[in-house]
Amino acid sequence: MHPDEHGARSAQPDPLAAVPDAVAHLDRSWRFTYLNASAERLLDRRAEDMLGRTLLECFPTAAGRSLARRLAQVVRHGEPRVFEHLHSHQQRWYELRAFPDPNGISVLFRDIDERRRREERHAAALHELAGVLEALPAPTVLVDHDLRILSANRAWHANGELLRREGKQPGQLGDDYLEAMALGLSPDDHAVLTAGLHRLLAGTPDGAHRTFDLDYEGRFGTTTFWFRLQASRVEGSDRVVVSHTDITERVRSEQALQWQAGHDELTGLPNRRRMLRLVDDALDEAAGRRDGRNSTALLHLDLDGFKTINDSLGHHIGDVLLAQVATRLLDQVRPGDAVGRLGADQFLVLARDCDSAEAAALAFRLQSSFALPFPAEGLSVPLSSSIGVAVAHLGTHDAQTLLGDADAAMYAAKSAGRDRVHLFSPGLREAARWRLEVATRLRDDAIDQLVVHYQPVVRLDTGLVEGLEALVRWQHPQRGLLLPDAFLSVAEETGQVIPITRRLLRETTAQAAAWAAEGMDLRMSVNVSARHFATETLVRDVRLALRDSGLAPEQLVLELTETSVAEDPTRAEDQLTVLRGIGVRIAIDDFGTGWSSLAQLFALPIGTLKIDRSLLAAAERAASGDTGAVLAAIVALTRTLGIRSVAEGVETVDHLRMVRAAGCDLAQGWLLGRPMPADEVPGWVRRVEAAGGDLCRIAEVAAASGAPAGGVRRPHGR
Ligand code: C2E
Ligand code: CA
Ligand code: CA
C-alpha cells in the first residue's frame with residue numbers, strides 16, 4: 001500500500017495484495033513506506049498504524065535484535081541478501097529477502113516454516129541414523145542411489161584397516177560400494193549382491209522388496225570368514241543401509257556339526273553314510289559320461305585279527321594304528337577317489353573311472369602298503385588286510401548294492417585266509433544271501449535241524465578205536481545235509497555257536513554214556529568255538545553236560561583251535577585249567593594252520609595235539625620216503641612234552657605209513673572211518689570187532705582189495 005503524503009490510502013488497488021509472501025518497504029530513516037496485505041497479517045498490525053512510522057516506533061522490542069541488525073547491514077553494504085529468520089512470537093520460520101535501493105530497503109518474507117521443520121526433522125533423523133550406524137558392531141555403510149558410500153561406521157573403517165594391511169584399498173566415503181566389495185567377494189556372490197541392490201533400488205521407497213540378505217565367504221590373509229550381508233532401503237528415501245555381520249563362529253560350528261555327521265572322528269575319514277553318498281554321486285556321474293569310461297570300483301578292506309590286537313595291546317594303541325591305516329590308504333588313492341571308514345577295522349575305498357583290472361591293481365597296491373609294520377608307542381605292529389573288490393558298470397548298481405557286493409567279496413577274501421584280495425562275482429551275492437538266511441534260520445528253528453555225525457579216532461599202535469569226534473551237520477529241509485563250512489562261520493559271527501555247542505555237549509555226552517552202558521567205551525571229542533571262552537560259560541556248560549549224562553570226565557575231550565586259544569590266552573588258560581582239574585581232556589585242533597607261539601600253547605594243560613591235514617599234505621609232497629621234517633619235528637616235540645598227537649586227514653595207506661613213521665599216537669581220516677550218524681555207530685563198531693579190531697590192518701587189507709575200511713562208507717558227509 002502506497003501511503004500518500006498524508007498517510008491516506010490511494011484509490012488504486014494494491015497489485016501485491018494477493019501475493020502470499022509478505023512485502024514491506026522502509027525508507028532510509030526506517031519508516032514503513034509500503035506493506036501489502038500479507039505483511040499486515042504477518043506483523044499482526046493494520047497498515048495505517050505502521051505507515052509513516054519507524055520500525056522501532058512500531059516494534060520497540062526489535063531494537064538490537066538480529067533482524068534489525070541484519071537489515072542495517074544490508075543497507076550499509078548496499079547488497080541484497082537472503083537469510084532465514086525465526087519469528088519469535090509466532091515461532092515460525094521465514095525466509096527473508098532484503099533488497100536495498102537508494103530510497104531505503106524492500107523486504108520479502110516467505111513462510112518456510114513447514115519446509116524448515118521438515119528439514120530439521122530429516123537432519124535429526126539422519127543424525128540419529130548416523131549414531132545408530134556408528135553404534136552397530138557390524139561394519140555398516142549408507143549408500144545412495146548410485147551405490148556410492150555416503151557414510152560408514154567405525155567398524156567398517158576398522159575392517160578397512162585389515163584390508164589395507166593386506167595391500168588392498170578399502171572402500172572410502174564417496175567410493176563405489178560395489179567396487180569396494182569386489183575385493184572380498186567371489187564373482188558369483190558379487191553378481192548376486194549387485195542384482196540384489198539394484199532390485200532394492202528399483203522398487204518404490206516404501207514398496208515390498210525393502211530388504212535383501214546374502215551370506216558370503218571372505219578371506220583375510222589365510223583365514224576364511226563368513227558374513228551375513230543385510231541391505232535395507234531407508235524408509236522414505238532412495239538410500240540403502242548395508243550391514244555386514246561376522247557369522248564366522250556360527251558357520252564354523254554348523255560346519256563342524258555337519259562335518260561330524262559325515263565323518264569318523266578318529267581317522268577324520270568320511271563315515272559310512274557319507275561314503276554311500278559319495279558312491280551314489282560317483283555312480284550318477286559315471287552314468288552321465290559319454291566316453292565309455294564309466295565303471296566305478298568300491299573296495300572293502302578289513303584288517304586281519306584286529307580284535308586280537310585291540311584286546312592284547314589296548315584300545316589306545318588300536319586307535320593309533322587305525323589312524324595310521326587311514327593315512328596309508330589315503331597315500332595310495334588318486335585325487336578324485338575317496339577313502340572312508342565303515343566302523344571298527346573296516347575301510348572303504350572308492351575309485352572313480354576304474355575297471356576290474358585297475359581295481360585289482362589298486363587292491364594289491366593297498367595291500368602292499370601294509371608291508372612295513374605300523375609304529376605305535378614304541379611298538380612295531382605288523383598288520384594285514386582282507387580286501388573285497390566290486391566294480392559297477394554302467395547303470396547296473398546303486399550304492400547299497402555295490403557296498404553289499406564289496407562286502408561279500410571281502411567276506412570271501414577273509415574266509416580264504418588272511419591278507420587276501422577277492423573280486424566280486426555274482427556267486428558271492430548268492431553266498432551273502434545264504435549267510436543272511438543262515439543267520440535268520442539259526443536264530444529261529446534251524447537249531448533243531450542240527451544232527452551230529454561221529455568219526456572214529458584210531459590208535460596207531462594197536463589199530464583199536466579210541467574214540468569218536470562229534471561233527472555237526474545241518475539237515476536242511478530243502479538243501480539236504482549241510483557240512484559245517486556252510487553255516488558254522490555265520491553261527492560264530494552271530495554268537496549262535498554258543499547255544500549250539502551247549503546243546504551238542506549235552507547230546508554227545510549223553511550218547512557216549514549210553515554207548516558206554518552198552519559196553520562201548522569210546523572217548524567223545526567235541527569241538528568248542530573260541531567265542532565260548534569270551535562268554536565264560538564253558539566250564540558251567542561242560543559241568544552240566546557231565547552231571548546230566550553221568551559220563552566220566554576223562555571220557556570227554558574238548559577240541560580247541562590254536563588261534564582260538566591265542567585270542568585271549570589268559571582267559572583261555574584259566575578256564576582250561578578248571579576243566580582239566582575236573583578231569584576233562586583238552587586237545588588243540590588244526591595244529592599248523594595258525595601261528596601262535598608254541599611256548600604259549602604248551603603252557604596250557606593240553607593232553608592232545610591234532611595235526612592239521614595240511615601238514616600231512618605238505619609231508620606227502622616232500623621227497624618220497626621222507627616223512628616230512630616238520631611233521632616229524634612236531635611229533636618229537638609233543639613226545640618230549642608228554643602230549644599225544646593225532647594225525648588228521650589220513651586218506652590213503654601212504655598217509656597211514658607216513659604218520660606211523662613220524663611217530664603219531666592216533667589217526668583220523670577217511671581211510672579209517674568216515675563220520676557217520678549215531679545209529680550207525682554200534683553196527684560199525686561190531687563189524688570192526690568181528691574183523692579183529694585192528695583198523696589199521698583192516699584198512700590196509702581193504703585198500704589192497706579196493707574196499708573201504710570197516711566196510712562202512714557213508715554216501716553223505718566226509
Ligand atoms: P575239524 O575239527 O578239523 O574236523 C575234521 C574235519 O575233517 C571234518 O570236517 C571231517 O569230516 C573232515 N575229515 C575227516 N577225515 C578226513 C579225511 O580223511 N580227509 C578230508 N579231506 N577231510 C576229513 P567237517 O565235519 O566238515 O567239519 C569241518 C570243521 O567244522 C571241523 O574241523 C571243525 O572245526 C568244525 N566243526 C565241526 N563240528 C563242529 C562243532 O560241533 N562245533 C564246532 N565249534 N566246530 C565244529
Ligand atoms: Ca576237531
Ligand atoms: Ca582239525
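The side chain of R523 reaches the backbone oxygen of E554 at 3.3 Å. This is a predicted model, in which local features need pLDDT of at least 70 and side-chain atom pairs count only at pLDDT 80 or more, while totals for chains, interfaces and linings use all residues. Residues are numbered from 1 along each chain as its sequence is written, chains are lettered from A and ligands numbered from 1 in the order in which they are written, and side-chain values use heavy atoms, with hydrogens and water left out.

R523 also makes a side-chain polar contact with the side chain of E466, at 2.8 Å. A polar contact is a pair of N or O atoms within 3.5 Å; within protein, one must be able to donate a hydrogen and the other to accept it, and residues adjacent in sequence count only if both atoms are side-chain atoms. R523 belongs to strand β21, residues 523–527. Helices (H or I, at least four residues) and strands (E, at least two) are DSSP runs, numbered from the N terminus. R523 counts as buried because its relative accessibility is 16%. Buried means under 20% relative accessible area, exposed over 50%, and partly exposed in between (1.4 Å probe, protein chains only).

Ligand 2 is a calcium ion. Its protein donors are E469 (OE), N527 (OD1), E559 (OE) and D589 (OD), at 2.0 to 2.3 Å. Donors are N, O and S atoms within 2.8 Å of the metal (3.2 Å for Na, K and Ca); water is not among the atoms, so sites may look incomplete. Along the chain, the donors of ligand 2 follow the spacing E-x57-N-x31-E-x29-D. Distant parts of the chain are linked here: E469 lies in strand β19 and D589 in strand β23, 120 residues apart. E469 and D589 are both buried.

The protein donors of ligand 3 are D589 (OD), D590 (OD), E648 (OE) and E648 (OE), lying 2.1 to 2.5 Å from the ion. Their spacing along the chain is D-D-x57-E. D590 sits in strand β23, and E648 in the loop between β25 (644–647) and α25 (653–662); the pair links distant parts of the chain, 58 residues apart. D590 counts as partly exposed because its relative accessibility is 25%. E648, with a relative accessible area of 11%, is buried.

E648 also approaches ligand 1. An N or O atom in the E648 side chain is 3.4 Å from an oxygen atom of ligand 1. A polar side-chain atom of E651 lies 2.6 Å from a nitrogen atom of the ligand. From W670, a backbone N or O atom lies 2.9 Å from an oxygen atom of ligand 1. Taken alone, ligand 1 exposes 790 Å², and the protein buries 88% of that. These areas come from the Shrake-Rupley method with a 1.4 Å probe; for residues, only the protein chains shown count as cover.

Ligand 1 is surrounded by 21 residues, the closest being Q455, R473, D589, E651 and W670. A residue is near a molecule or strand if one of its heavy atoms lies within 4 Å of it. β19 (465–476) and β23 (585–591) each supply at least two shell residues. β19 gives the most, with 4 residues.
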